[in-house]
Amino acid sequence: MSTAIAPSQMGGAPVHYRGPALSQEGSQPPEQQVGPRDLLRVVYRYRTMMVLIVGAITLAVLVQQLLSPTLYRSSSTVQVELIDEVGTNQADVNSRNAERVANAVRLHVRAPPPNR
């Protein structure tokens, strides 16, 4: 028995060919439109494969996230302004007072007179 593909008695396509028959030369296959029902049929047919693929990817990402170390660092700077009833920033007042005290100390402390 030969494994070669034998042409059919009508000519053209092999015997086991199940595609659209083109019996006359120049004829074109009818154009097919894909509708929503066709798409749902494809999704329904391959639903198990799609669920398995999505599940495998989700599981792989979950395992990777749970096994990887947490890599994050944060820092912040907080500026506190102490505003009194008048609207004066008390932090500025305190720093100015410290400067005033330091200046006053420098003025009142005199260097010893030079030795003769």
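**Exercise 1. Work out the secondary structure of the protein chain.**

Solution. The chain has 3 helices and 0 strands, where helices are DSSP runs of H or I with at least four residues, strands are runs of E with at least two, and numbering starts at the N terminus. Along the sequence the order reads α-α-α.

Before going on, a note on the model: it is predicted, so local features need pLDDT of at least 70 and side-chain atom pairs pLDDT 80 or more, while totals for chains, interfaces and linings use all residues. Residues are numbered from 1 along each chain as its sequence is written, and side-chain values use heavy atoms, without hydrogens or water.

**Exercise 2. Find the salt bridge and describe its partners.**

Solution. Start with the rule: a side-chain nitrogen of Lys or Arg lies within 4 Å of a carboxyl oxygen of Asp or Glu. This gives 1 salt bridge. Its partners are aspartate 38 and arginine 41, at 3.0 Å from N to O. Both sit in helix α1, 3 residues apart, about one turn of the helix. Next, check exposure: buried is under 20% relative accessible area, exposed is over 50%, and partly exposed is in between (1.4 Å probe, protein chains only). Aspartate 38, at 27%, is partly exposed, and arginine 41, at 46%, is too.
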